[in-house]
Amino acid sequence: MAELDLGTQCDEQHCRQLDFLPFVCDACSGTYCLEHRNKDAHGCSGVLLRKEPVQSERTSSYSCSYQSCKAIELVPIICLDCNKHFCLRHRHQSDHDCEKQEVSKSRSVVIQQSIKEGAVKRTVPVKKGRSGAKNDVTAAKVALMKLKLHAVGDKSIPQNERVYFQVFLPQGNKEKSRPMFFCSKWSIGKMVDKAASVLNLRNNNNILASKKLRLCHSESGDVLPMENTLEWCITRTDCPLKNGTTVILEYLDNDCLTLGTTSSYME
């Protein structure tokens, strides 16, 4: 009686079991028994070929140097004082506790002294009656209400932290001024960056050889220190900034401490 040609032997080298319902591997096309049907069980050659590493193009990235911050930027943002890379959030000295900030503070002291001396020279005591003082307060409230109606800024800032200014733009711009609001917790440097972004102004403050965009006091013309907070400028006793008043943006040399005359911006 002739033998029936049924089943197929497993292709696994150490098995060779005759299986009447064999499995065909879709990677290497081999025939296997139930025990060796999985690719790992028979060391599938088709899988090994597919696992060749694929080289990918490397792109430059820059990790933030601030403590535990894990942010990564695609372009370098370097602090001009400590020469370290930082993310957008921590690019200002006050935001990353710059190790060179003590040096900058000495310059800040010189600026503050200049502001104080300028305020003493310009201050002329004026006696006002009760009605005159009351009218000034009312006028200031009306001016602040008008600013709030049209001011632009970061809408995520809480209402109780918003400070409003009529911001006069650098001379030569088509637009003379724009009402804006800022966060009282921000540094002056962050205010300048935000204003430049909203008003589409050129901002080369990170380029050493370029003129710097600076925020100036509208009365004294003094340049406000970039590392100080807006809250500090409001609460100081000599020549403070006031909510609802005016400030000036202008391009100045890095060592310039005062704008000089401010009347031309108000005309």
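## A salt bridge to start from

The side chains of R91 and D193 come together in a salt bridge, with N and O 3.0 Å apart. This pair joins distant parts of the chain: R91 sits in the loop between β6 (72-73) and α2 (101-122), while D193 belongs to helix α4, 102 residues apart. Please keep in mind as you look around that the model is predicted.

How exposed or buried are the two partners? R91 counts as partly exposed because its relative accessibility is 27%. D193 has a relative accessible area of 15%, so this residue is buried.

## The chain as a whole

The protein chain contains 6 helices and 10 strands. Of its 267 residues, 35% are buried. The chain exposes about 17,800 Å², and 51% of that area is supplied by carbon and sulfur atoms.

How much of the contact pattern comes from residues 24 or more positions apart? Among contacts with a separation of 6 or more in the protein chain, such residues account for 48%.

## Helix α4 and its surroundings

Which residues of α4 are buried? They are I188, G189, M191, V192, D193, A195, A196 and L199. These buried residues pack against five elements that you can pick out in the structure: β7 (162-168), β8 (177-183), β9 (212-217), α5 (230-235) and β10 (246-252).

A196 makes a handy example from this helix. With a relative accessible area of 4%, A196 falls under the 20% cut-off and is therefore buried. Setting aside neighbours within four places in sequence, A196 is in contact with L201, N203 and L213. For A196 and L213, the C-alpha atoms are 8.4 Å apart in space, and the residues are 17 apart in sequence.

## The largest nonpolar core

In soluble globular proteins, nonpolar side chains tend to be buried together. Here, the largest nonpolar core has 31 residues. Which members touch the most other members? They are F165, F182, I188, M191, L201, L215 and L249. At least two residues of this core come from each of α3 (130-150), β7, β8, α4, β9, α5 and β10. Helix α4 supplies the largest share, 6 residues.

Not counting residues up to four places away in sequence, L215 touches I188, M191 and V192, along with D222, V223, L224, V247, I248 and L249. I188, M191 and V192 are also among the buried residues of α4.

## Other salt bridges

How many salt bridges are there? The count comes to 4. One of the others joins D26 and K39, whose closest N and O atoms are 3.0 Å apart. This pair also links distant parts of the chain: D26 is in the loop between β3 (23-24) and β4 (31-32), and K39 is in the loop between β4 and α1 (45-50), 13 residues apart. D26 is exposed because its relative accessible area is 63%, whereas K39, at 32% relative accessibility, counts as partly exposed.

E231 and K185 also meet through their side chains in a salt bridge, at 3.4 Å from N to O. E231 lies in helix α5 and K185 in the loop between β8 and α4, so the pair ties together parts that are 46 residues apart in sequence. E231 has a relative accessible area of 37% and is therefore partly exposed. K185 counts as partly exposed too, at 48% relative accessibility.

## A nonpolar patch on the surface

Which residues form a nonpolar patch on the surface? The patch is made of L18, F20 and L21, and together they have about 360 Å² of accessible area. L18 is found in strand β2, residues 18-19. Its relative accessibility is 43%, so L18 counts as partly exposed.

Terms used: Residues are numbered from 1 along each chain as its sequence is written. This is a predicted model: local features need pLDDT of at least 70, side-chain atom pairs count only at pLDDT 80 or more; totals for chains, interfaces and linings use all residues. Side-chain values use heavy atoms; hydrogens and water are left out. Helices (H or I, at least four residues) and strands (E, at least two) are DSSP runs, numbered from the N terminus. Buried means under 20% relative accessible area, exposed over 50%, partly exposed in between (1.4 Å probe, protein chains only). Contact means heavy atoms within 4.5 Å. Accessible areas come from the Shrake-Rupley method with a 1.4 Å probe; for residues, only the protein chains shown count as cover. Patches are made of residues with over 30% relative accessible area and no salt bridge: like charges are joined within 9 Å, nonpolar side chains (Val, Leu, Ile, Met, Phe, Trp, Tyr) within 5 Å. A nonpolar core is a set of buried Ala, Val, Leu, Ile, Met, Phe, Trp, Tyr and Cys residues joined through side-chain atoms within 4.5 Å.
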